[in-house]
Amino acid sequence: MSLFSPLRHPAYCKLFTAQVAALLGTGLATVALGLLAHDLAGANAGEILGIVLGIKMVAYVGVAPFASALVSNLPRKTLLVSLDIVRALVAASLPFVSEGWQVYALMTVLYVAAAAFTPAFQAMIPDLLPDEREYTEALSLSRLAADLESVASPVLAALLLSVMMWSGLFGGTAIGFVISALFVVSAALPTTKAAAPRPFIERLTGGLRLFLLTPRLRGVLAFSLATSAGGAMVFVNTVVLVQSGFDLGEQATAWALAAFGLGSMATALTLPRVLERVPDRSVVATGGVIMTLVLVAGSMLATRYPVLLGLWLVLGAGYGMTLVPIGRVLRRSSAAEDRPALFAAYFALSHACWLIAYPVSGLVSATVNPAAAFLTLAALCAIGLVAGLVLWPRRDPEAVPHSHPELAPDDPHLADHPARDGVHSHAFVLDAQHRRWPG
């Protein structure tokens, strides 16, 4: 079985194509947004971009769980297509704005739509690919697509700018979302068991409850802090190191970011085989160790551009190791009807970690120096690593022995999973019948 075997499934192939189209569209929008900000504010463009990024993080952290709870009863194909159309309309409107507040309003709508779309999309893939091996390969494909987008989108934008105005890039973004919607429409999505109606507050907090009460998920959240620390150093300070520290140009900055992406891509290509033999916890922890060590080394060694490229390549590999297995962990920690809420909670909580790491990276680098930023983020990464190892038990079987003294002897659950001496064992997730983790 190869990395691309999930693409043999027609529905998944269409959804993956939709993901790639949306990623390319989003990448074009990132380039175009910077050019739009410069057109509106000139040298003060950074102010507009800073506010937009702040809106993005607030939307991702605060909106995802609410959106998941509000739309939990909508047909998922209708939901995904509607959100793609909303994003396409926003992108098509952006070339016509003339004030900063208009940019903020439209980008708020776009990021709210993305905060609802992404977790719902991610939660659907386990239902399409019930085989764990194929699902692992699908996670690697998604990581590969995201890394390729970071390289391909700027190149595509440069080619398009040679034949059109920057405003035309937003047209490319709109087209990407329309293509995504068309492929989602054409995909035959599996039906899911209708969940029993639940109060809104329970739907809102269900994913967070799973994170708080499931030991391995508490570990995942801690490791997300390590991931954000490593990534923030790259995304915030690469331009500072390359263009201010080494006095090189924009192309050198792009190549440094590409080195980080290549490291992550290499991990995505190799991890499906590794995860057949090595537990998820060990792989994620190894990625955290690699990132911590690279950040410490960077504080002393990142004095020349070739060395930085090597550091970023290895850091990217560690970064990919902390990200690829997470979908597997979320899948094994939830019932199908609870996955949208769990993925939405992960989307919000992981971005909350980025909301910590981004300002730390930028402020320490600006007020002290990049070497201090390396060490500060290494400490943040180490905190996430150690907390993850403590919170995520080393022994973490899928089937957990437990008892149900509250159930009648003829309860259907006990009929499906017979007990011996009052104890039975099965793949354990928190749900209506299992309100607490055993032990």
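User: Is proline 95 buried, partly exposed or exposed?

Analyst: Start with the basis. This is a predicted model, in which local features need pLDDT of at least 70, side-chain atom pairs count only at pLDDT 80 or more, and totals for chains, interfaces and linings use all residues. Residues are numbered from 1 along each chain as its sequence is written, and side-chain values use heavy atoms, leaving out hydrogens and water. Now the scale: buried is under 20% relative accessible area, exposed is over 50%, and partly exposed is in between (1.4 Å probe, protein chains only). Proline 95 has a relative accessible area of 26%, so it is partly exposed.

User: Where is proline 95 placed, and which residues does proline 95 touch?

Analyst: Helices are DSSP runs of H or I with at least four residues, strands are E runs of at least two, and both are numbered from the N terminus. Proline 95 sits in the loop between helix H4 (76-93) and H5. Contact means heavy atoms within 4.5 Å. Not counting residues up to four places away in sequence, proline 95 touches Ser167 and Phe170.

User: How do H5 and H14 pack?

Analyst: Axes are lines fitted to C-alpha atoms, for helices over the stretch in contact; angles run from 0 to 180 degrees between N-to-C directions. H5 (residues 100-128) and H14 (residues 339-367) pack at about 130°, with axes 8 Å apart. Under 35 degrees is roughly parallel, over 145 roughly antiparallel, 65 to 115 roughly perpendicular, and the rest oblique. H5 and H14 are therefore oblique to each other.

User: Which residues of H5 and H14 meet?

Analyst: On H5, they include Ala114, Thr118, Gln122 and Asp127; on H14, they include Arg339, Phe343 and Phe347. By class, the contact has nine nonpolar, two polar and two charged residues. Here Ala, Val, Leu, Ile, Met, Phe, Trp, Tyr, Cys and Pro count as nonpolar, Asp, Glu, Lys and Arg as charged, and the others, Gly among them, as polar.

User: Is arginine 339 buried or exposed?

Analyst: Arginine 339, in helix H14, has a relative accessible area of 11%, so it is buried. Beyond four places in sequence, arginine 339 touches Ala123, Pro126, Asp127, Arg331 and Ser334.

User: Which residues touch the most other members in the largest nonpolar core?

Analyst: A nonpolar core is a set of buried Ala, Val, Leu, Ile, Met, Phe, Trp, Tyr and Cys residues joined through side-chain atoms within 4.5 Å. The largest has 53 residues; Leu15, Ile125, Phe211 and Leu330 touch the most other members. H5 gives the most to this core, with eight residues. Another core, of 36 residues, lies apart from it and includes Tyr305 and Trp312.
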